[in-house]
Amino acid sequence: MNDSTQAISVKVAAADDLPGIHEVANQTWPATYAGMLPDEDIASFLEANYNLDRLTFIRDSMGDGMLVAVNAGKVIGYVMITKDRDGVAQIWAIYVLPEWQRRGAGRLLWEAAVERGRQLESDELVLWVLDGNEPARRFYERQGAHAAEERDFPVGEGSVREICYRIALN
C-alpha cells in the first residue's frame, strides 16, 4: 500500500461532507463526460442533482449507502449504493476527483460499496456506465464486474448508450 492510499479513509457521509460531494461532482462530471455529453446537459444535471438540498435528501434516503473517501479532512470521492426496485444492490454513482484517480481512492470506495451490498443482503451488485467511459469500464472489469446488458438512456435532447455491469457478492 502506498502512502497516498494509507492517508485515505472511507466513511458514511455526514451532513458536513455534502459540500465536498458537491465539489467532487462538479469537478468530475465535466472531466469524465467531456465529448460524451453536451456541456449544457452536464451543467443541467449537476444543478438539478448535486445542489445541497438534493444531496441532503439523497443522504437521508440512502442512510449508510452514501459513503465518502476522505484525505486530510477533505472529501476526494464518493459512492452511492442502495437496493434498486428489484431488490438488487446498485451503485448509483461512484466518482473520485481527477487528481486522486489511480491512487487507491476508487478501489477503497468500491470495496466499501461491495461490503454495503452484502449488508443489504443482495446476491449481486449492479451499476450502469456510459458505453464511452472506457476508464470506468476498465476499472469495473479489474474489480471483477462483467458487462451484462445495454440500454439507451435519455439525456437532454438525445440519448446515450449505457452498459450494465454485474458482480456476484456471495
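## Sheet and helix packing in a predicted model

Strand β2 (residues 66-71) and strand β3 (residues 74-83) run antiparallel and are joined by 6 bridges; helices and strands here are DSSP runs numbered from the N terminus (helices H or I, at least four residues; strands E, at least two). The model is predicted, so local features need pLDDT of at least 70 and side-chain atom pairs count only at pLDDT 80 or more, while totals for chains, interfaces and linings use all residues. Residues are numbered from 1 along each chain as its sequence is written, and side-chain values use heavy atoms, with hydrogens and water left out.

**Sheet**

- The open sheet has 7 strands in the order β1-β2-β3-β4-β5-β7-β6, with mixed pairing; two strands pair if DSSP finds at least two bridges between them.
- The edges are held by β1 (8-12) and β6 (146-155), each with a single partner strand, so one side of each has no neighbour in the sheet.
- From one strand to the next, the twist averages 25 degrees.
- β4 and β5 pair in the parallel sense over 3 bridges, and glutamine 90 stands opposite valine 126 in β5.
- Strand β5 (residues 124-130) is mostly covered, with 5 of its 7 residues buried; buried means under 20% relative accessible area, exposed over 50%, and partly exposed in between (1.4 Å probe, protein chains only).

**Helix α2 against α3**

- Helix α2 (residues 18-33) packs on helix α3 (residues 39-49) at an angle of about 155 degrees, with the axes 10 Å apart.
- That makes α2 roughly antiparallel to α3; angles over 145 degrees count as roughly antiparallel, under 35 as roughly parallel, 65 to 115 as roughly perpendicular and the rest as oblique.
- Axes are lines fitted to C-alpha atoms, for helices over the stretch in contact, and angles run from 0 to 180 degrees between N-to-C directions.
- The crossing of α2 and α3 is right-handed, meaning that the near helix is turned clockwise from the far one by less than a right angle.
- Ala25, Asn26, Trp29, Pro30 and Tyr33 in α2 meet Ile42, Phe45 and Leu46 in α3; contact means heavy atoms within 4.5 Å.
- The residues of this contact of α2 with α3 comprise 7 nonpolar, 1 polar and no charged; Ala, Val, Leu, Ile, Met, Phe, Trp, Tyr, Cys and Pro count as nonpolar, Asp, Glu, Lys and Arg as charged, and the others, Gly among them, as polar.

**Helix α4**

- Helix α4 (residues 52-62) lies across β2, β3 and β4 (89-96), and runs at about 50 degrees to β3.
- The axes of α2 and α4 come within 10 Å and cross at roughly 115 degrees; the two helices α2 and α4 are therefore roughly perpendicular to each other.
- The crossing of α2 and α4 is right-handed.
- Leu18, Pro19, Ile21 and His22 in α2 meet Leu52, Leu55, Thr56 and Arg59 in α4.
- The contact of α2 with α4 has 5 nonpolar, 2 polar and 1 charged residues.

**Individual residues around α5**

- Arginine 102, in the loop between β4 and α5, has a phi near 65 degrees, a positive value in a residue other than glycine.
- Arginine 102 is exposed, with a relative accessible area of 75%.
- Glutamate 115 lies in helix α5 (residues 105-119) and counts as partly exposed at 39% relative accessibility.
- Glutamate 121, in the loop between α5 and β5, has a positive phi near 60 degrees and is exposed, with a relative accessible area of 70%.
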